[in-house]
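Please look over the sequence and the structure below before reading on. The report that follows takes up a few selected features, one heading at a time.

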There are 2 protein chains.
Amino acid sequence: MRISELSSVTGVPVPTIKYYIREGLLPRGERTAANQARYGDTHVERLRLIRALREVADLPMSVIAEVVAALEEPEEAARGRPVSAALRAIGSTEAEVSESAERAVAALVDRRGWQVEPDFASYRALAAALTALERHWVRPYTDETLDRYAEVAERLAAFEIPDDWDPGQAGENAVAYAVLGTLLFEPIILAMRRLAHADRHARLTGKTRRRSGS
Amino acid sequence: MRISELSSVTGVPVPTIKYYIREGLLPRGERTAANQARYGDTHVERLRLIRALREVADLPMSVIAEVVAALEEPEEAARGRPVSAALRAIGSTEAEVSESAERAVAALVDRRGWQVEPDFASYRALAAALTALERHWVRPYTDETLDRYAEVAERLAAFEIPDDWDPGQAGENAVAYAVLGTLLFEPIILAMRRLAHADRHARLTGKTRRRSGS
C-alpha cells in the first residue's frame, strides 16, 4: 500500500509516519518509483505498536525507540527484551518517595523474590503510593498487609500471563499484548474493586437494597 | 481553639473554613465573644473529611454536601448513608460506553449478586473500561474473564472491609476510612500488579536477571 493508505489504515497522519521513518522507528517502504514506496503489514503492525505505546502507555519517545531497537535485534527480541523495556518504563512518576517506603518496597520485592530492579518505574510508583499512604492513612501499613496485596497481584499475573506465553516470539504483537494487557485491565480491576466495596458496605449495614431501585 | 488555629491544624485556609460554615458543611463554632468562636475536635475531623473527599476522592461539592447532611441525620448515619453516598460517587467518568459493555456489566453485577445500582459511578466506569477494551484489545472478553477479575475484587474487598466493620457508627472517621481506603490502595494494587507482570515476564523468558543489577 502507499503511504496515504498506510495512514488511513492506522489512523497515523502521513507527516508522523515520515517522522517515524526518519527517526528509525519504522522501516522504510520498498521503493517502487523515484518518489514512491510500498508499505506492508509489518508497517501496519509497527505503527499500531508505536501508537499503543504512545497513547495508551504514555511512554516517552526514547523508550519507544529502545523497544523498537530491541525488536530489530533477533537476539534481543528472543530474550524478551522489547517487552521488558516497555514494562520497565510504564507508570513512571515524579512523586516524592519516603525512605521508609523505599525500604518497604525493597523488602517486599525481596520477600516475594520478584525479578525486578529498582529502576523499574512501577518500583518507584509503589514506593510513591506507600508514601501517600503514610501521609493520609489512619495507621501504619505492615509487611503482612503488603504481602496480602502482593499475593493478589501474583494471582492476577498468573492468570493474565499464562505459562505458555512466550514474549520472545511474536515481536510487535507480544509487546502490544503485554503493554495493553497490563494497562487496559487496570480501570477494570479498580472499578470492580470499588463495586465490591460498595456491595460489601451495603451488606454490612444490613441495607438490603432492592434490585428495582430505592 | 480559634479559627486561625483550626486553620493551621488542618491546613485549610480561614476563608475556606468560613465558606464551609456558610454552606452548612461545617457547624458553627461556639460563640465566645462578639466576634470570636471556639472550635473543637469535631471541626478538625469534619475538615479532614471534607479535604479527603475533595483532594483525594475529587468529589464535587454537591456530593460532599450530601455526605455531610447524611452524617448529621442520626438515622441516615446509622444506615451507613454517608459512606454509601461517597462510594456511589467515586470515579465518575464522562467516557463513552458501548451497549455491549453496558449489558456485560449488568450481567456481571447480576451474576455476582452485587448490591449496587446502575447510578453508581463505578458501574459506569466499569462499562467505560470494557468499551476501551473492545476497541483496543486483540480479542473479545468473555463472562469467564470478567468473573475471574470479579473474584479477585471480592477477595480484596473481603479482607479490606472486615466483617466487624460498622460504617454506621463512627461518623466522619468511617467515611474517611472507606473513601481513603478505597482510593489510597489503588495505586498500590496497580504498581504491584505491574511488578508481578514484569517478574512473570522475566521468568517466562528464562532471563534470571541477577539481583545486583546488570
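## Aromatic pairs

Rings of Phe, Tyr and Trp, the last through its six-membered ring, are taken as a pair if their centres lie within 6.5 Å, and the pair is called stacked with planes under 30 degrees apart, edge-to-face over 60 and tilted for the rest. The model shown here is predicted, and a search of the whole of it finds six aromatic pairs over all chains. In one of them, the ring centres of A:Phe159 and B:Tyr149 are 5.2 Å apart and the planes stand at 75 degrees, so this pair is edge-to-face. Because A:Phe159 belongs to helix 9 (residues 143–160) of chain A and B:Tyr149 to helix 9 (residues 143–160) of chain B, the pair joins two chains. B:Tyr149 has a relative accessibility of 5% and therefore counts as buried.

Another aromatic pair is formed by B:Tyr19 and B:Tyr20, whose centres are 5.8 Å apart and whose planes make an angle of 50 degrees, which is tilted. As to accessibility, B:Tyr19 counts as partly exposed at 30%, whereas B:Tyr20 counts as buried at 4%.

## Helix 6 of chain A

Helix 6 of chain A covers residues 81–89, and because eight of these nine residues are buried, the helix is largely enclosed by the rest of the structure. The buried residues are A:Pro82, A:Val83, A:Ser84, A:Ala85, A:Ala86, A:Leu87, A:Arg88 and A:Ala89.

What do the buried residues of helix 6 of chain A pack against? Within chain A, they pack against helix 3 (41–56), helix 4 (61–71), helix 5 (74–78), helix 8 (121–136) and helix 10 (172–184), and from chain B against helix 11 (186–204). After helix 6 of chain A comes A:Gly91, which has a positive phi, near 80 degrees.

## A:His43 in helix 3

Helix 3 of chain A, one of the helices against which the buried residues of helix 6 of chain A pack, contains A:His43. With a relative accessible area of 7%, A:His43 is buried, since buried means under 20%.

Leaving aside its neighbours within four places in sequence, A:His43 is in contact with A:Leu6, A:Leu26, A:Pro27, A:Arg28 and A:Gly29. For A:Arg28, a polar atom of the side chain of A:His43 lies 3.4 Å from the backbone oxygen of A:Arg28.

Terms used: Residues numbered from 1 in each chain as written. Chains lettered and ligands numbered in written order. Predicted model: local features only at pLDDT ≥ 70, side-chain atom pairs only at ≥ 80, totals over all residues. Heavy atoms only, no water. Buried < 20%, exposed > 50% of the residue type's maximum accessible area, 1.4 Å probe, protein only. Helix = DSSP H or I, 4+ residues; strand = E, 2+ residues; numbered from the N terminus. Contact = heavy atoms within 4.5 Å. Polar contact = N/O pair within 3.5 Å; in protein donor to acceptor, adjacent residues only side chain to side chain.
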